[in-house]
Amino acid sequence: MGRPCYVVTSLLLLAAFTTGCTHKNQPLTHPKLRAGSFAVNQTRAALFIPIQPLAATTRPSIVDEILPLVAPVSDNDGVFVGIAMSGGGSRSANFSAACLFQFEQLGLLQKADYLSSVSGGSLTAAYYCLSTDREWRPRNVQRRLAHSFATDILINNLLPWNFLVLAFTDWDRSDLLADTLRKNLFSRDGKELTFADLRPNRPRLLINATDLQTGKPFVFSNESFDKLGSDLGSYPIAHAVAASAAVPVLLHHVTVRDYSTAFKQYRHLIDGGVTDNLGIRTLTDLYNGQIEAAKRAGAPNPYPRGAVFLVLDARTEFDAKLSDKADIGLAETLATGAGLTSTVLINRASSATLSDIIVEHSPEDVTAGTLRRQKKELETKGHLQLKDSEGRPVYVVHLALSRMDDMQDLPFASFRERVNSIATYFNISDTEAYHLYQAAELLVTRKFDGPLREIARFVDGATATTAPTAAPARDR
């Protein structure tokens, strides 16, 4: 009886997992959606944004960039405040959370309009935007983000029933990641949390992935899903985060269905770090795109007082710890080479992205020498104040974990080395997570305290006289 029961159970599991594993997004209306119909879906996090449905004749082309169409978040300070949270597995998730708690004490987190996240940073960004005040407490967040997600994937991958499902259905390793994220972060009272559960008193969440076919960024937003003719509100947060963290080779891509056409078409999404490991490009595109859109529409500038970009970067300098070995094997050579290559490429791309910020937000008559000096200042100090093309102030803070190397006066000499040795992985020890919280506190209070307090005063200043009139103030 045991063997037939096992076979029957396996067949039932196969049947259960065969449907709905490739894509979880749902069409806006009936699957037989007419080609000309189009409506804007909204999550609760966007209910305070006055968006009007687009008529069929104004539907954007499938090749149009979607980011400039994202409606501006309206509050009463007139400043664009965006926080970018980099990739980096559980290292980034815990470092980002630690920095957000520091920002909260300074009053900056409460002023944030957008959270743009990649890979590991998306765990923290999504959890903050979903959590209640009771859930967003250090002890609870520390416990949840220190969970061994990679171990869950490994164990579930080895279970015999899951082996059959993984072998014969569309269920894959990214689904296993989404499953453990759902169980440990993105469910409440037994219900899986979706974009419809985002809290209206939190910043707008922008989870970044990469389109495998085009190599272009894909941002989980109402606007992106509208282009797919799909409902973002019903899409599970855990799958969006898994897509943002789907490192090629290690994890499978996450597939979403394109319902905008009568033909069966799909978008395959991988790690957002492939195009921008910092998540800052999404924020700069939003700021510039919304201002340009307001100009074209003859509307007031949504951010008349300028912008603040806070970049949380969990990257560290690569150190393979090989100096005490006379020789290393093939496997370790390949692993070390891959780690060195990926780290150097990501760090170089991140530096180039930060340099782009300076170029994009500089007046047209600025000299090359000024741009070089500003780039050097951002690299050395980690913060910069510049003017955009119309003279508005733009503050940039690059709060990178690698800047621990600049703090030579730390009371414990080996601390920097301990932080640098934390792997980019979805497992982390309690001690490693604790060190990341220590590192965030040291960076904020000892290296960036002055600039961050200046920014907090800047955002708080003259709020009563610069409030936009286009929309009501947001509930903070």
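Residues are numbered from 1 along each chain as its sequence is written. Local features require a pLDDT of at least 70 and side-chain atom pairs a pLDDT of 80 or more, whereas totals for chains, interfaces and linings use all residues, and side-chain values use heavy atoms, with hydrogens and water left out.

The chain has an average pLDDT (the predictor's confidence in each residue, from 0 to 100) of 76, and 67% of the residues score at least 70. Confidence is lowest in helix H1 (residues 2-18), with a mean of 43, and highest in H3, with a mean of 97. Over residues 330-349 the pLDDT is below 50, and this stretch makes 14 contacts (heavy atoms within 4.5 Å) beyond near neighbours in sequence. For residues 462-476, where pLDDT also stays under 50, the model has 36 contacts beyond four places in sequence. Where pLDDT is low, the predicted coordinates should not be read in detail.

Of its 476 residues, 51% are buried (under 20% relative accessible area; exposed is over 50%, partly exposed in between, with a 1.4 Å probe and protein chains only). Among contacts between residues at least 6 apart in sequence, 78% join residues at least 24 apart.

In helix H5 (residues 149-158), the buried residues are Phe 149, Ala 150, Asp 152, Ile 153 and Asn 156. These residues fall within an arc of 155 degrees (taken from the directions from the helix axis to the C-beta atoms) and so line one face of H5. The exposed residues Leu 154 and Leu 158 lie on the face turned away from the buried side.

Two residues other than glycine adopt a positive phi. Ser 119, with a phi of about 50 degrees, is located in the loop between strand S3 (114-118) and H3 and is buried, at a relative accessible area of 5%. Asp 189, with a phi of about 55 degrees, occupies the loop between S4 and strand S5 (191-192) and is exposed, at a relative accessible area of 79%.

How values were computed: Helix = DSSP H or I, 4+ residues; strand = E, 2+ residues; numbered from the N terminus.
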